[in-house]
There are 2 protein chains.
Amino acid sequence: MASHGFWSLGGDNAGTNTGSQSPSTPRAWCQAAAQKLSGGIGSKLCALLNVGEVEKTADPAAKQPPQTAAGSCGCNKPCTCTKPDVVFSDLYSTDLLPALDGDTKTMTFLQEVVDLLLAYIVESFDRETKVIDFHYPNELLQLNNWELQDEPATLDDILISCRATLKYAIKTAHPRYFNQLSTGLDMVGLAADWLTSTANTNMFTYEVAPVFVLLEYVTLKKMREIIGWPDGRGDGIFSPGGAISNMYAMLLARFKMFPEVKEKGMSSVPRLAAFTSEHVRPQKINDQTHFSIKKGAAALGIGTESVISLCCLVLVQGFVPFFVSATAGTTVYGAFDPLIAISDICRKYNVWMHVDGAWGGSLLMSGRHRWKLDGVERANSVTWNPHKMMSVPLQCSALLVREEGLMQNCNQMHACYLFQQDKHYDLSYDTGDKALQCGRHVDIFKLWLMWRAKGTIGFEAQIDKCLELSEYLYNKIKDREGYQMVFDGKPQHTNVCFWYLPPGIRYMEDKEEQKKRLHKVAPVIKARMMEYGTTMVSYQPQGDKVNFFRMVISNPAATFEDIDFLIEEIERLGHDL
Amino acid sequence: MASHGFWSLGGDNAGTNTGSQSPSTPRAWCQAAAQKLSGGIGSKLCALLNVGEVEKTADPAAKQPPQTAAGSCGCNKPCTCTKPDVVFSDLYSTDLLPALDGDTKTMTFLQEVVDLLLAYIVESFDRETKVIDFHYPNELLQLNNWELQDEPATLDDILISCRATLKYAIKTAHPRYFNQLSTGLDMVGLAADWLTSTANTNMFTYEVAPVFVLLEYVTLKKMREIIGWPDGRGDGIFSPGGAISNMYAMLLARFKMFPEVKEKGMSSVPRLAAFTSEHVRPQKINDQTHFSIKKGAAALGIGTESVISLCCLVLVQGFVPFFVSATAGTTVYGAFDPLIAISDICRKYNVWMHVDGAWGGSLLMSGRHRWKLDGVERANSVTWNPHKMMSVPLQCSALLVREEGLMQNCNQMHACYLFQQDKHYDLSYDTGDKALQCGRHVDIFKLWLMWRAKGTIGFEAQIDKCLELSEYLYNKIKDREGYQMVFDGKPQHTNVCFWYLPPGIRYMEDKEEQKKRLHKVAPVIKARMMEYGTTMVSYQPQGDKVNFFRMVISNPAATFEDIDFLIEEIERLGHDL
């Protein structure tokens, strides 16, 4: 695989994209961009992409940034303006704010970075660019000097590092990036995250994050209303991801049943059993509960052996059932547990019912699909990750809890040196002591601002569209020559799991040999996808099933044509296998 | 307290600042800004601040944004350019990318947000602006419509929401913001965080975050070298804050001694005891270990009663000591435990030694101060939060571990559907399975880029300067009329703990009554500080000590004059009490 100089984010990268007809020199790319983008922004983009490049590039034609072109100052009219006279190669971070007279230098530097980011964003949505410019780890280590030094670098070097980082980053906004449950890049969410970074505070007390604390309060209440808890009452928290949200739930369930565990530990309680529902699904899918339940059990001193399949829910000698985790949208198959049936069992045995809706919880926002979570309102706690199906920038995971006050009782340590009790405002807004963490990252603003921008109906439309795309994919391949579905019936979520059988193994009579060879197909196609950088989709084995593709769609940028492209690309890359 | 319309971020906010002589109308503020900032950026700032305001403001003079002023297009020369012709009040988030022809609208919208952020940043560093425009929770709830709606809002509304959020945010970059251990705003760190948001990926596998995974590897190694572990060998992870890093350490210690706990839970192991060192400090400070150790013990099923003072380290009947947490920089007093002595005890009893250096770990980068952590290289694990003393944007917390491979063994769940074993690159870079979390936020890039920009010597200078400032404060007040220090001797870290006694209670003979009244002084002064918005510093009681101020300095923007100001302000606000 060719390694390209990282100075050439704009031109070279676009030009070497397989199958693309992009112009192959930076200058040509600039001209194309200027034509494509109205209002002079194309020229601006072009000018920006050349900043910092001029000394490095081997292409003498690029040595003169188009300073005389229309709008090279950043405006949208032909003009003679130039950028502020700041020479980054003579400047260091110590010249920026809070340095005296650092205002102009700071704004110019930050603007320079933003210009890189804007260019990267526009490029990311362009199907003619690569999803990833992949290099193997040892190769990537050598493509740049990533080592940390004793001496400072100039701001010019810093900008070069930013460019290099973007060049080798995966374009998660790309319409053909399907690799994870979290894909896509929402522009309002991104703006909100930039603002969050700039505010640089944490969710500790009202005092240090007044607006964000209120917005968390407003948003959690709204989410609880959608779950269906009366008047949206209850509690909740935004945590660093679904695994931690699930762990919080398990912690609460244990504390609810055995409050003495907080002080005395597990030695004070009988041996506990947590149940998951992997074998009770209607479609008889032998799917796995998310591994986070086991991680949680291991961490909390409960032990992974205490995580037991729900169909075995009997009072095993010496084990006390305290927690059932039903999954709403499994990671691989996107399957939904029957929540009403499970809640009946939980009521009968008086066990805490948790719904892990990290992936599927967002379907609650869809009038067409929320029936898949019928019964969720009976749960004691729900994990719901807006950073997955709602495409909120990473990270954004909520744990919602039905009982009020329990989180505080479970987790508070009465650290009066952190949570002064004689402050002059309503202390119920100091949420820090109900968290496991001390400071907590501000994850709320991006969700709140996106919700504001889309409205509930906007999220619904976005989610429905992804499900439509997956149905399109399913219908397209279910009877297509060379494809085989991993499980029967229409997928419940956007997960479409399938094998692609290249012609060479499609008709093999030795089924064992066929299986062996099929196991190697998906990894090779995936490796080729990454090397070409055209698309990315996940694969894995599961139980006795050999490697299959798991297509998931949460990327709002994807279209029917991108689904068509994926299928064609799999066939193009796998035909010879 | 007056409530100001939030349309007036620039003018009104600056104008109503107590004690400031800023101009009191938006227009006047603009003129002042234009004079102050060179290169026309003042005009730009001014123009930006007026965008979106024009329809809302009651001031008819502000209805004409200064489009004809020099540089209103954003350039630094007099020109006749105008901004791209995008009317946000007619646009919705669905008009942005990935919408067809969304490029220009997206760039213009994001630029608009960035312009707000740049203005906010410049304002934040200006001592004449407020640290906070404080409102009580119920008041703040009414100052804006924060509720989430079914219908979408226009992009104009979104920009207004951004403005409102910034208006009521705390300016953590402000040179007089001392309220937390994490203060200040680093410009390179901020740029890096913006880039991180734009890349929008997580630290799961090399496949989805190639550069960030490499940079985490490079940076953790460097940090281990600084700790003093041979060749920087070992392991580590960036976690969502110091409390979680400490919990990781406890989890590893337990697993190291009793690996069967992972599967069998606490029922398979004897009752454990974790030790902290609160009573063994040389200065006989009765300080608290950070409450995160207790939170961790509660969560892990060990129980808070098993967290025992190190001076009681005896083999209590049935308790097995497995973990000692020595603190390098306590939260309130900034005290350092004697690590060498503690490591001797740990070796004798074969107990895991953890150093909680969340606050004090950064002193390892200072030639002048690192002796305070002598012995740290003997630890099994170290928590070190660059988001505190190194002023890296929140969140950035590292756990460093001496033994290689332990984290993986402790936390991995062999989820082959997440971590395929037949991928085409070196799988040792897939770090997801050694974390408790599944996806992990990218916290590395801001630290790495700042390190690059400052060099190790730059961090050293920044840290030394903060310690110098705290020594200056200590020297200034230790013998000053009306002040009393909370503990004897020079502070070890930047924590300066003191009481201010207003004249009215300074000479009281009834010491009990004096104590009672003194307890109320700090809360009232703090409330007044927040209402005036001039500065912010923390206070708390501790043990039998009534409320005292805890000044901490991690803000690189602070100067000797800001320390002088703090003292004068405390006296101004507390003189009458």
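Me: What should I know about numbering and cut-offs before I start?

Reply: Residues count from 1 along each chain as its sequence is written, and chains are lettered from A and ligands numbered from 1 in the order in which they are written. The model is predicted, so local features need pLDDT of at least 70, side-chain atom pairs count only at pLDDT 80 or more, and totals for chains, interfaces and linings use all residues, while side-chain values use heavy atoms, without hydrogens and water.

Me: Which residue does UniProt list as a modified residue?

Reply: An unreviewed UniProt entry lists Lys388(A) as N6-(pyridoxal phosphate)lysine. UniProt positions follow the numbering used here, feature names are shortened, and annotations may be inferred rather than shown by experiment.

Me: Where is Lys388(A) found, and is it buried or exposed?

Reply: Helices (H or I, at least four residues) and strands (E, at least two) are DSSP runs, numbered from the N terminus. Lys388(A) lies in the loop between strand S6 (381-384) and strand S7 (397-401) of chain A. Buried means under 20% relative accessible area, exposed over 50%, partly exposed in between (1.4 Å probe, protein chains only). Lys388(A) has 14%, so it is buried. Contact means heavy atoms within 4.5 Å. Leaving aside neighbours within four places in sequence, the contacts of Lys388(A) include Trp359(A) and Ser554(A).

Me: How is the size of an interface given?

Reply: Often as the accessible area lost when the parts come together. Buried area is that loss (1.4 Å probe), summed over both parts. Between chain A and chain B it is about 15,000 Å², and carbon and sulfur atoms give 66% of it.

Me: How many salt bridges are there between chain A and chain B?

Reply: A salt bridge puts a side-chain nitrogen of Lys or Arg within 4 Å of a carboxyl oxygen of Asp or Glu. The count is six between chain A and chain B. One of them joins Lys264(A) and Glu305(B) (3.0 Å, N to O).

Me: What does the side chain of Asn200(A) reach?

Reply: The side chain of Asn200(A) reaches the backbone oxygen of Gly184(B) at 3.1 Å. Asn200(A) sits in the loop between helix H7 (187-199) and helix H8 (210-227) of chain A. Its relative accessible area is 9%, so Asn200(A) is buried.

Methods: Buried area = accessible area lost by both parts, 1.4 Å probe. Polar contact = N/O pair within 3.5 Å; in protein donor to acceptor, adjacent residues only side chain to side chain.
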